[in-house]
Amino acid sequence: MSVDLPIEAASPGEAVREFWAYVRDLGPAELPAYVWPVGDELAMQAFVLGAEANQDPEEE
């Protein structure tokens with residue numbers, strides 16, 4: 001598992017503080033986790049709070 005966020009900060013320590021503050025503020029109700037079978041990145045699915053969640057704004 002990994003979490004990647006583009007963060008601009010004055011120092012590496014400040015970037016880490018901003019990263020964790022952002023993750024903590026979003027929490028599991030808003031921060032999706034993306035899961036896919038090894039070797040099949042196109043089969044990626046998003047989950048929020050353990051339930052599959054559509055992350056495509058063009059799809060209903």
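Predicted model: local features only at pLDDT ≥ 70, side-chain atom pairs only at ≥ 80, totals over all residues.
Q: Before we start, what does "contact" mean here?
A: Contact means that heavy atoms lie within 4.5 Å.

Q: Good. Then which residues does Tyr34 touch, leaving aside its neighbours within four places in sequence?
A: Tyr34 is in contact with Met44, Gln45, Ala46 and Gln55.

Q: And where does Tyr34 sit in the secondary structure?
A: Tyr34 has its place in strand 1.

Q: Is Tyr34 buried, exposed or partly exposed?
A: Tyr34 has a relative accessible area of 42%. Buried would be under 20% and exposed over 50%, so Tyr34 counts as partly exposed.

Q: How far is Tyr34 from Phe19?
A: Their C-alpha atoms are separated by 18 Å. Along the chain, Tyr34 and Phe19 are 15 residues apart.

Q: Back to strand 1. What sort of sheet is this strand part of?
A: An open sheet, formed by 3 strands in the order 1-2-3, with antiparallel pairing.

Q: How many bridges join strand 1 to strand 2?
A: There are 3 bridges, and the two strands run antiparallel, with strand 2 covering residues 45–48.

Q: Which residue in strand 2 does Ala33 stand opposite?
A: Ala33 faces Phe47 there.

Q: Zooming out, what's in the whole chain?
A: The protein chain has 1 helix and 3 strands. In sequence order the pattern is α-β-β-β. The radius of gyration is 14 Å, well over the 10 Å that the globule rule gives for 60 residues, so the chain is more spread out than a compact globule.

Q: What size of box do the C-alpha atoms fill?
A: Roughly 40 × 25 × 20 Å, taken along the principal axes.

Q: How much of the chain is buried?
A: Buried residues make up 12% of the 60 residues.

Q: And what share of the contacts with a separation of 6 or more comes from residues 24 or more positions apart?
A: That share is 0% in this protein chain.

How values were computed: Residues numbered from 1 in each chain as written. Heavy atoms only, no water. Pairing = 2+ DSSP bridges. Helix = DSSP H or I, 4+ residues; strand = E, 2+ residues; numbered from the N terminus. Buried < 20%, exposed > 50% of the residue type's maximum accessible area, 1.4 Å probe, protein only. Rg over C-alpha atoms; globule rule 2.2 N^0.38 Å.
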